[in-house]
Amino acid sequence: MDKWSAWENISTWWKHFRDKIRRWLEKLGRSRMKFFAVLEMHKDGYPHIHGFWDIFIPVRILSQLWSECAPGYIVDVRAIEDGKSGAD
């Protein structure tokens, strides 16, 4: 997929991804989560999202859910120990 098509579709992919996470959480008995996301341009011109959640979601779950919504499957999961480390 070319980068322009990726930019046109990223919002839709992100919405589907959030919906899948919500449904996954509901299966675990959790109905809500807090999150925020930052969309930016990667070095190669493709869109790139930094998403932050108030709960831990295993990388294999995130990768699986993302790959069901959009091209690609690479996700990077890191715990944020304090408010400053999320900006790194």
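Predicted model: local features only at pLDDT ≥ 70, side-chain atom pairs only at ≥ 80, totals over all residues.
## A buried phenylalanine

Let's start with a single side chain: F17 has a relative accessible area of 4%, so F17 counts as buried. W14 and F17 are both buried.

## Confidence in the model

Before going further, a look at the predictor's own scores. The protein chain has a mean pLDDT of 87, with 92% of its residues at 70 or more. Among the secondary structure elements, helix 1 has the highest confidence, with a mean of 94, and strand 2 (residues 47-53) the lowest, at 89.

## Overall fold

The protein chain contains two helices and two strands, and from the N terminus on these elements follow the order α-β-β-α. Its radius of gyration is 14 Å, close to the 12 Å from the globule rule for 88 residues, so the chain is as compact as a globular protein of that length. Along the principal axes, the C-alpha trace spans about 40 × 30 × 20 Å.

Of the contacts with a separation of 6 or more, 51% are between residues 24 or more positions apart. Buried residues make up 24% of the 88 in the chain. The accessible surface is about 6700 Å², and carbon and sulfur atoms account for 53% of this surface.

In soluble globular proteins, nonpolar side chains tend to be buried together. Here the largest nonpolar core has 16 residues, and the members that touch the most others are W13, F17, I21, I57 and W66. Helix 1 (3-27) and helix 2 (59-69) each provide at least two residues of this core, with helix 1 giving the most, at seven residues.

What does I57 contact, once its neighbours within four places in sequence are left aside? The partners are I21, W24, L62 and V77.

## Aromatic pairs

There are six aromatic pairs in the structure. One of them joins W14 and F17: this pair is tilted, with 5.5 Å centre to centre and 40 degrees between the planes. For F17 and W66, the ring centres are 5.1 Å apart and the planes meet at 85 degrees, so this pair is edge-to-face. F17 belongs to helix 1 and W66 to helix 2, so their pair ties together parts that are 49 residues apart in sequence.

W66 has a relative accessibility of 13%, so W66 too counts as buried. Beyond these pairs, one aromatic cluster is formed by W14, F17, F35, W53 and W66.

Is S63 buried or exposed? With a relative accessible area of 17%, S63 falls under the 20% cut-off, so S63 is buried. S63 sits in helix 2 and, leaving aside neighbours within four places in sequence, is in contact with Y73 and V75.

D76 lies in the segment after helix 2. Its relative accessible area is 56%, so D76 is exposed.

Conventions: Residues numbered from 1 in each chain as written. Heavy atoms only, no water. Core = buried A, V, L, I, M, F, W, Y, C linked by side-chain atoms within 4.5 Å. Buried < 20%, exposed > 50% of the residue type's maximum accessible area, 1.4 Å probe, protein only. Helix = DSSP H or I, 4+ residues; strand = E, 2+ residues; numbered from the N terminus. Contact = heavy atoms within 4.5 Å. pLDDT = per-residue confidence, 0-100. Rg over C-alpha atoms; globule rule 2.2 N^0.38 Å. Areas by Shrake-Rupley, 256 points an atom, 1.4 Å probe, with all protein chains shown as cover. Phe/Tyr/Trp six-rings, centres within 6.5 Å; stacked < 30°, edge-to-face > 60°.
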